[in-house]
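Welcome! Please take a moment to look over the sequence and the 3D view before reading on.

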Amino acid sequence: MQLGLTGTCALVTGAGRGIGRAVALGFAAEGADVAVADVDLSLARRVATEVETRGVRALALRVDVARREDVERAAGEAFAAFPNLGVLVNNAGIQLDCPSAEVREDQWNRVLGVDLSGAFFCCQEVARRWMAAQLPGSIVQISSVASEFGFPRRIPYGVSKAGIRAMTRGLAVEWAPAGIRVNAVAPGYVDTELIRRAIDEGHIDGRRIEEMTPLGRLARPEEVADAVVYLSSSRASFITGTVLAVDGGYGVEKAPDRR
Ligand SMILES: NC(=O)c1ccc[n+]([C@@H]2O[C@H](COP(=O)([O-])OP(=O)(O)OC[C@H]3O[C@@H](n4cnc5c(N)ncnc54)[C@H](O)[C@@H]3O)[C@@H](O)[C@H]2O)c1
């Protein structure tokens with residue numbers, strides 16, 4: 001399926017590794033240039049080099065999405081390099097696994113700052129430029145199954161990801177007249193460094209995740225990237241305000257007698 005992304009550019013946050021890296025490479029495979037943004041510039045540079053080997057252009061950007069001034073500067077640099085920037089993917093995110101009674105104020109503020117406020121700042125900075133130039137655009141955000149279901153010790157994370165759902169739906173309605181579509185994907189467990197470490201350190205049980213997932217395994221980052229790239233493309237031109245589960249059936253699994 002031709003996705004019609006050749007000649008456009010995608011700005012991807014948190015693109016230095018994991019899902020964000022897979023998204024960046026997914027856009028490159030479709031012929032789109034990529035602005036690779038990450039708080040860790042060395043990771044961003046490495047992915048930008050990988051993107052360029054696919055025959056498209058890339059720009060590595062250092063940004064802490066929780067800092068408004070960083071986001072403003074990075075958006076300016078991205079549009080200066082790529083006036084064809086037509087896609088924003090808000091992927092940067094952090095986790096906190098901590099008993100709720102012990103979460104400190106600075107920890108609460110940091111998780112919400114990166115996972116929720118950061119996504120909003122990026123939406124604002126990019127959409128403002130599209131609107132000023134009267135250009136259409138597409139935004140895809142990364143929510144999570146944690147936005148809908150009960151996940152102990154991850155309240156700031158779940159609250160942020162639920163906020164992403166609300167933000168996606170609200171902005172989709174508000175910005176539709178400007179030709180800006182806003183969607184999200186809600187992954188289940190994805191086999192990234194973040195999750196591998198949590199399994200290895202015993203914070204989460206990999207076997208239990210597989211049992212709770214009808215497809216019987218964790219997602220590959222590329223499987224989340226495929227959904228992101230599709231939603232951002234003109235092939236999804238009439239889809240806005242949707243939150244697409246990419247969870248192997250995790251969210252619908254309720255049968256006690258499945259196995
Ligand atoms: N891995 C999963 O199972 C899973 C499931 C559901 C949702 N998600 C979400 O997907 C996204 C990516 O997750 P991942 O597993 O690839 O994580 P990861 O930790 O492997 O990668 C996250 C990337 O974001 C960057 N980053 C962190 N803070 C940042 C900041 N303030 N500004 C800019 N960049 C920053 C990191 O440097 C890193 O490169 C996150 O939003 C996460 O919440 C992940």
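## The overall fold

Let us start with the whole chain, keeping in mind that this is a predicted model. The protein chain holds 8 helices and 7 strands. Its radius of gyration is 18 Å, close to the 18 Å that the globule rule gives for 259 residues, so the chain is as compact as a globular protein of that length. Along its principal axes, the C-alpha trace spans about 50 × 45 × 35 Å.

Of the 259 residues, 46% are buried. If you look at contacts with a separation of 6 or more, 72% of them link residues 24 or more positions apart.

## The nonpolar core

Inside the chain you can find a largest nonpolar core of 77 residues, and Val23, Ala24, Val34, Ala35 and Val36 have the most contacts within it. Helix H4 provides the largest share of this core, with 10 residues.

Beyond its neighbours within four places in sequence, Val23 is in contact with Val12, Ala15, Val89, Asn91, Ala225, Val228 and Val229.

Strand E4 covers residues 85-90 and pairs with E5 in the parallel sense over 4 bridges. Here Val89 stands opposite Val140 in E5; Val89 is also one of the contacts of Val23. On to the next pair: strand E5, residues 137-142, runs parallel to E6 and is joined to it by 6 bridges. Within this pairing, Ile142 has Val185 in E6 as its bridge partner.

How many residues of E5 are buried? The count is 6 of the 6, so E5 is largely enclosed by the rest of the structure. In a regular strand, side chains alternate between the two faces of the sheet. Both faces of E5 are covered, with Gly137, Ile139 and Gln141 buried on one side and Ser138, Val140 and Ile142 buried on the other. Strand E6, residues 180-187, has 8 of its 8 residues buried, so E6 is also largely enclosed by the rest of the structure.

## Around the ligand

Now turn to the ligand, which is surrounded by 30 residues. The closest are Gly14, Gly16, Gly18, Gly93 and Thr192. By class, this shell has 15 nonpolar, 10 polar and 5 charged residues.

Which helices each supply at least two residues of the shell? They are helix H1 (18-29), helix H4 (105-132) and helix H6 (193-200).

## Two partly exposed residues

Glu222 lies in helix H8, residues 221-232. It has 16 C-beta neighbours inside 10 Å, so Glu222 counts as partly exposed. Apart from its neighbours within four places in sequence, Glu222 is in contact with Ala22 and Gly26. Its C-alpha atom is separated by 30 Å from that of Ala178, which is 44 residues away along the chain.

Glu148 is found in the loop between E5 and helix H5 (155-175). With 17 other C-beta atoms within 10 Å, Glu148 is partly exposed. The C-alpha atoms of Glu148 and Val34 are separated by 31 Å, and the two residues are 114 residues apart along the chain.

How values were computed. Residues numbered from 1 in each chain as written. Predicted model: local features only at pLDDT ≥ 70, side-chain atom pairs only at ≥ 80, totals over all residues. Near = placed C-beta within 6 Å. Nonpolar A, V, L, I, M, F, W, Y, C, P; charged D, E, K, R; others polar. Core = buried A, V, L, I, M, F, W, Y, C linked by C-beta atoms within 7 Å. Buried ≥ 20, exposed ≤ 12 C-beta atoms within 10 Å, placed from the backbone. Contact = placed C-beta atoms within 7 Å. Rg over C-alpha atoms; globule rule 2.2 N^0.38 Å. Pairing = 2+ DSSP bridges.
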